[in-house]
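Have the viewer open as you read.

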Amino acid sequence: MKALFRSSVLAALACVALGTPPLSTHAAAGARPKVGLVLGGGGARGGAHLGVLEVLEELRVPFDCVAGTSMGALMGGVFLSGVSTAGMRKAIGNTDWDSLFDDGAGREYVNLRRKAIDDRFFSSLEFGVTKDGLAYREGAVAGEKIKLFFNELVRADLGERNIEELPLPATLIATDIGTGERVAMRSGSLTTAMRASMSVPGALAPVMRDGRKLVDGGLVDNVPVREVRERCGAEVVIAVNVGSPLFRPEEVTGIVSVVGQMVNLLAEQNVAQSLASLGPNDIYLRPELGKITAASFERQLEAADIGRQAALGIRERLAALSVGAADYARWQSQLRQGRNPAPPVIDEIQLADTRFVNKAELRDNIRQQAGATLDAARLAEDLVLIYSRGDLQNLDYAVLRERDRTVLRITPIENSWGPDYLRFGLNFSSNLDAESDYNLRALYRRTWLNANGAEWLVTAQLGSQQLLATEFYQPLDYRQRWFIQPYLDTASRKFGLYFDGARIADYRTRESRAGVDIGANLGRAGQVKAGWIERHQAADLMTGLPVLPNSRRSVGGIRAQLTVDTYDQAFFPSRGYRADLNYFDALRHGQDASAYSLAEGRVGGAWSSGPSTALVALSAGKSLRGTLPLGDAFTLGGQGRLSAFAPGQIIGGDYALATVQAQYRLNKPVPLLGLQALVGVTAERARMRDSITEPNLTGNIDSLGVYLAMNTPLGPIYLGVADSRGRKSRIYFFLGSP
């Protein structure tokens, strides 16, 4: 017996000298060894962690601490916050992951002014104009919805979850993007740490935490084995590696794959160091996830099943760490115990200070009231709606206890690159008849010039249609229900005159305008405005036959507009409707011109069933009195306005147009990029009266066509062909925004 005791002591001393826990001593004494669980990063491939956790539960294998990176940090943090594996599986299955990686609430939930800007100028090409030059956002996705989703998972509405308050020691790994240092987060906000640990550089914006700018921990420690050794003296490590395999050389063909390979290489290097520290008593799993990629979030439950099978494949080794049913129940109860599941009553709502956004206006848009029970789902909806307006870099909340009171603290963080912005847009169109147009445009926008949210815009465009414009938008109250809008612009464009399909002349029109409107915002979906406008118009022959005389005229009159837009997408809507009504009456005119007035309206709607969408649009324009000058005449031709004809080929005084389209979406939008391809067919019928061009096109004019299209960060792309009753078919291509 003494010999056995002496041998055990010597073995223990030797293990200490070697820096290795004396597992054999625990085994000899019958004690359970300390177990550390390590969950590696791998994006959506991290769904495999759920399957491993399920098997550990079934085999009654407890663990003493957890370390996780990226998706492993998320899975570990959620599990330790008290969510069961069944609850985790349900949450993964019920989440719309495509929507989660889109920070906004959706186009139908932003106001009409923001829609108009987004439709013409790409949000992906928005720069901040600062005293240090141009600045750009730090990630394709800010992660607003992702952070709120984390809040929901760990029930942050019941109170702030801090890492140090979890039932087991936990560490979440991130990388300091400024220094490259490994950051082990062992205290502080759990959800902020989870969000920081999975901030893939370039894809998700970094997280500021404790004065550091943090990104994905996979860059420095993707399988943090060392952490559980240090954190709880783990004698047995269960390490799960779900990292993406390296691309083969022939697969590295573009910038996306190059960046992906670079990240994978960095991760593989630090993973190799971690795995080298594993000993014979440790357990290592690398589930064979095949073609499930880091971005395959819709396949996480499939990854969970693969992780489950991988764990069952080493069932005997895991079962050796099992404990009795009573002991496991006690261990598990400490994970599930904790807070009252009933949402708290909020005694006070605190809103952090802002630099330029009106705090009172922000508070008005949050429905939660002091003295009422917290409705976390509705609060998250409100925060996403506010964030969607584009002024904030982050908007989060925390529920805190201050003595005997419960405080809801809302923290808006304004764009670090705002409040002055520069955006760009472009379009290009062409057909096989060598007709092409191109336009490059830029928008300079100064926001929040005062507490009511005044804005100053300057727009410049070069190309086939040249434009220089400025406007000042001044809301009359901070809720922006009423506004006044003075504006000034000058534009020039070239257009062709046609006869029997032949382009017989080119004219250039120029117009300068100055005016002021008074208007009202009709909720988020609509706007109505009216005012006085002064216009100077000119039209000159450039080439071809002098079909029309050169002209000059100045007019002034009343302009009125009504717009309502609930489309979920600007160019390929799947639901919603849009209505536009425009009116102009030239009350003031020179001696060489006569009075005239006109009205034009359009209404359209979209309805979907699965991947199929039907779109219907009706539009009409009419000269109410007098003869319309060339610059105000209505036009038909071009995509969506009789696609079988050239843009503006048919010019006249009165028109009516009906369009019916059927679209079929060929794929789901690609996460982060939003790429979506579709095929469509279109049927159009129109009638033009008092034609200035194409006088032989009388009665009903038809156009039938088919097209392939794609929604991209640079706007829609169309490639189509259209025909009109046996006339020459027209092939058209379009890229960009109108």
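Leu432, Val681, Val706, Leu719, Val721 and Ile731 together make a nonpolar surface patch of about 500 Å². For patches, residues need over 30% relative accessible area and no salt bridge; like charges are joined within 9 Å, and nonpolar side chains (Val, Leu, Ile, Met, Phe, Trp, Tyr) within 5 Å. Areas come from the Shrake-Rupley method with a 1.4 Å probe, and for residues only the protein chains shown count as cover.

One of the patch members, Ile731, sits in strand E33 (residues 730–736). Its relative accessible area of 36% makes Ile731 partly exposed; buried means under 20%, exposed over 50%, and partly exposed is in between (1.4 Å probe, protein chains only).

## What kind of model this is

This is a predicted model: local features need pLDDT of at least 70, side-chain atom pairs count only at pLDDT 80 or more, and totals for chains, interfaces and linings use all residues. Numbering runs from 1 along each chain as its sequence is written, and side-chain values use heavy atoms, with hydrogens and water left out.

## The chain overall

The protein chain has 16 helices and 33 strands, which are DSSP runs numbered from the N terminus (helices: H or I, at least four residues; strands: E, at least two). The C-alpha trace spans about 120 × 60 × 45 Å along its principal axes. Of the 738 residues, 48% count as buried, and the chain exposes about 33,400 Å², with carbon and sulfur atoms supplying 58% of that.

Among contacts (heavy atoms within 4.5 Å) between residues at least 6 apart in sequence, 64% join residues at least 24 apart.

## Cores and covered helices

The largest nonpolar core has 91 residues, and those with the most contacts inside it include Phe63, Leu80 and Ile410. A core here is a set of buried Ala, Val, Leu, Ile, Met, Phe, Trp, Tyr and Cys residues joined through side-chain atoms within 4.5 Å. Helix H4 (residues 71–80) gives this core its largest share, seven residues. A second, separate core of 28 residues includes Phe572, Tyr596, Leu598 and Leu657.

H4 is largely enclosed by the rest of the structure, because ten of its ten residues are buried. Just after H4, Gly82 takes a positive phi of about 110°. Helix H9 (residues 190–197) is mostly covered too, with eight of its eight residues buried.

## Charged pairs

How many salt bridges are there? The count comes to 54, taking a side-chain nitrogen of Lys or Arg within 4 Å of a carboxyl oxygen of Asp or Glu. Glu54 and Arg308 form one of them (3.8 Å, N to O). Glu54 is buried at 10% relative accessible area, whereas Arg308 is partly exposed at 22%.

Arg186 bridges to Glu227 (2.7 Å, N to O) and to Glu230 (3.8 Å, N to O). Arg186 is partly exposed at 34%, while Glu227 is buried at 0%. Arg182, Asp221 and Arg226 are also linked in this salt-bridge network.

## A buried arginine

Arg445, in strand E17 (residues 436–446), counts as buried because its relative accessibility is 9%. Its side chain makes a polar contact with the side chain of Glu455 (3.1 Å). Such a contact is a pair of N or O atoms within 3.5 Å; within protein, one must be able to donate a hydrogen and the other to accept it, and residues adjacent in sequence count only if both atoms are side-chain atoms.
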